[in-house]
Amino acid sequence: MKVGGQFGLNWLRPALKFPRKLHTDLDKGDSLVKYTLSGEGAGSIFTIDQTTGDIHALRSLDREEKPYYTLRAQAVDIDTNAPLEPESEFVIKVQDINDNEPKFLEGPYVASVPEMSPVGTYVTQVTATDADDPTYGNSARVVYSILHGQPYFSVDPKTGVIKTALPNMDREVKEEYQVLIQAKDMGGQLGGLAGTTIVNITLSDVNDNPPRFSKSFFHLRVPESSAVGSAIGRIKAHDLDIGRNAEVEYTIVPGDGGAMFDITTNEHNQEGIIILKRPLDYESKKAYTFKVEASNAHMDPRFQSFGAFKDTATVKINVLDVDEPPVFNKPSYVMDVYEDTPAGTIIGAVTAQDLDASSSPVRYSIDWRSDLDSYFDIDPVEGTISTNDLLDRENIAQHNVSVVATKLNSPVLTSRVAVTVHVLDINEFPPELASPYETFVCENARLGQVIQTFGAKDKDVPSAGQQFSFRTPKEDMKNKNFTIRDFGNNTAGIVTKRVGFRRRLQEIYFLPVVIEDNGYPPKSSTGTLTIRVCGCESDGSVLSCSAEAIFLPVGLSTGALIAILLCIVILLGIVVLYVSLRRQKKKETLMSSKEDIRDNVIHYDDEGGGEEDTHAFDMGTLRNPKVVKENLYRRDVKPEMKRSPKPPVSQDSADIRDFIHQRLVEHDLDNSAPPYDSLATYAYEGEGSVAESLSSIESVTVDPEEDYDYLSDWGPRFKTLAGIFGEQSETQSDSTNTENTHG
């Protein structure tokens, strides 16, 4: 089956006026063949005449909506609907016409370009889209042109690239431009469709303008009381640029005001702020004149050929006179005074003056709140400060006083200054040697050699700032061996005055040194340095400082010397042990005597010797009767030898008297007792006692009228005894007088 003699048909957009025709060779024109149509748009967009095979479009077609349709056609028997031929497929392609104008899908456009750009500088690119078929005719070929925006910009007709068309466009003259761009299809030919868009172009700023002062002379008035660091005036240089390119730097040209003033830039409004660097004084200078230079902080080298990018203006500052308070010549005062300084002593002075033209006199006073206890006083005219009472450093070591200066003709104008008074400690302790120095001098020492460096210390506080001086005492100035050299830094040295020191002649030298401090009042003391003579190597290292080392045999090692000393110690130990054993043996022989049959009685009954008696009573004599000394008296018989009067040291005790009497009777009746009755030891004191016998046995034989006053002369040990016998003597005297009276 043939479709219009072809298998493909081209359809235009409008409805078909001349339909396409389907035909089969089996159709003889006898109306026995029927044509059917199926596929995309069959029945809705396309229809077929069943008898003739003509195909019709039911509505207009849009290529941009659907560019082609696929359909199937078949010839069947009109009666039985049996297919006469196989089904045939064909495509209906919609042919394009120029029915769509170009469109700018991204418009409107916004772009920027630096001012002063050269011709042809790229700005931006615009693009228009045409929905027509670009492969069929010129319906989709677009050409660009500028409708509005000349002569500043141009557009490439094919690419749509917009460029600058004029040189040196100045942002300060005109900043924004609006350009109208047209895109036309059909290659721009007559009858083509067109679309437009707007491009907003802004000229961006470049640093092409220098700062400029609005006037060349600025006049400022500033009070002399203005504080240092305060802003005293503002000036401004204008820059037509914006942003970073409009930042201005201000500098003061070296000259009259460079030392007194400074200038900085306000980052918000680019003003120049003049700042006071030093105090103003109307009386010394009434006006200042200087120049200020304004320049761009960020230069663009492309425009340096335009000239200097800076401007200069003159600033004059007139200083206004202000009535000011007195001014002290120091910001603060520090004074020192020793404790216990007498009241009324001047310790320092303060000075203030009126710097105004009137030069008013100044009066001084102490703020009572800073000196509540009135320790100090001040002369109102001279400003001298004196003590008003004794100061005690241990109580208050530092006083902080506030002094007020007042103008005589304007009492409301006052100024204050701080005065610190340090109470110094009186020098109480003399200096002394810093340590017990161990000094030696070599036998081969040179003349003038410093053999020892020493220092001093002082118990006074504070130790900081103390100065010590060292010297040889006057009585030791003729010392031919050593002298003292003061180094001036709180140290001194021992210096040799001769050569040839010998240990055999003198081993130790004593060198006195006088140390004096710088305290108030000065204190000094004399210390003694001990100098030992030593044997040394040639380089000064010590070999030996012992005098005995000179006589030791040469060649003995240290080990040999130790062995010799150890042997000597062992021999001495043996000798001591032998002597001890011999003495012990003698004691045992004496104690084992067969005749010692009354040992217990002797130890129990004998009275010990006096305080100083260590040999008056020989125990061995009692134990061995054969060794009785000839000069010993019989102890059972009262000696007939006259003795010096002895004081009755025993008290009149009935118990002791009865006990002695009983023991005497027993021994008198005992015929077997030896002639030296041990009970006699109660009546005699051992030899060597100053007080002689203190026994009460012989007290009965003493003259009752004996004077005991001599006991008071024996010392404090016999004070109590003298008191006892003194009372007894008085009592006996009274009794005797009474008896005589009664008689």
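1. Let me start with the torsion about the S-S bond of Cys442 and Cys536: it is about -85°, so this disulfide (a pair of cysteine sulfur atoms within 2.5 Å) is left-handed. Cys442 sits in strand β34 (residues 439–442) and Cys536 in strand β40 (residues 524–536), so the bond ties together parts that are 94 residues apart in sequence. Strands here are DSSP runs of E with at least two residues, and helices are runs of H or I with at least four, numbered from the N terminus.

2. A word on the basis: this is a predicted model, in which local features need pLDDT of at least 70 and side-chain atom pairs count only at pLDDT 80 or more, while totals for chains, interfaces and linings use all residues. Residues are numbered from 1 along each chain as its sequence is written, and side-chain values use heavy atoms, with hydrogens and water left out.

3. The sulfur atoms of Cys442 and Cys536 are 2.0 Å apart. Both cysteines are buried, meaning under 20% relative accessible area, where exposed is over 50% and partly exposed lies in between (1.4 Å probe, protein chains only).

4. Cys534 and Cys545 are also joined by a disulfide, with an S to S distance of 1.7 Å. The torsion about their S-S bond is about 105°, so this disulfide is right-handed. Cys534 is buried at 0% relative accessible area, whereas Cys545 is partly exposed at 23%.

5. Searching the whole structure gives 2 disulfides. With the bonded cysteines of the protein chain numbered in sequence order, they pair 1-3, 2-4.
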